[in-house]
Amino acid sequence: MRLDQWLWAVRVFKTRGLSADAIKTGRVEVDGKSSKPAHTVRAGEVVTARMEHGAAAWTRTLRVIDAPKSRVWAKLVADFADDLTPESEWEKMRIREPMLLPPGFRPRGAGRPTKRERRETDRFDEPM
């Protein structure tokens, strides 16, 4: 299977076009070397992809186990790729996540806000 197809099939990139663009711009390496989108992925290879979102950037590292026939469910990704991404890289992403949420956002199932949380939320609604 082609490298760009594999990255898309194991859900590293949202579309195959995005994966091909990342490979062409040199943000994806196979065993420490730059590659082309048509590179045939083999079991045991280590694929490193530099992910960028705005100012945040982190690196995902995956070991190829097998090539799926088509895009797989998120639960089945572990059958085709072994995630070797260090915890420090995941921390970079977790730090970025709270900035994406709007002020006063409460996740579903978080329960009723406390009096203190309600006051903090109301401060955002007040006109200046």
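This is a predicted model: local features need pLDDT of at least 70, side-chain atom pairs count only at pLDDT 80 or more; totals for chains, interfaces and linings use all residues.
Numbering runs from 1 along each chain as its sequence is written, and side-chain values use heavy atoms, with hydrogens and water left out.

Helix 2 itself spans residues 16–24, and its Ser 19, Ala 20, Ala 22 and Ile 23 are buried (under 20% relative accessible area, 1.4 Å probe, protein chains only). These residues sit on the same side of helix 2, because they cover an arc of only 160° around the axis, taken from the directions from the helix axis to the C-beta atoms. Their packing partners are helix 1 (3–9) and strand 1 (28–30), with contact meaning heavy atoms within 4.5 Å. Helices (H or I, at least four residues) and strands (E, at least two) are DSSP runs, numbered from the N terminus.

Helix 2 also shows up in the largest pocket: helix 2 and strand 3 (46–53) each supply at least two residues of its lining. Lining residues have an atom within 4 Å of a pocket point; a pocket is an open set on a 1 Å grid over the protein atoms alone, where a 1.4 Å probe fits, with protein on both sides within 12 Å along at least five of seven lines.

Of the 14 lining residues, Val 12, Phe 13, Leu 18, Met 51 and Glu 52 lie closest to the centre of the largest pocket.

How values were computed
Buried means under 20% relative accessible area, exposed over 50%, partly exposed in between (1.4 Å probe, protein chains only).
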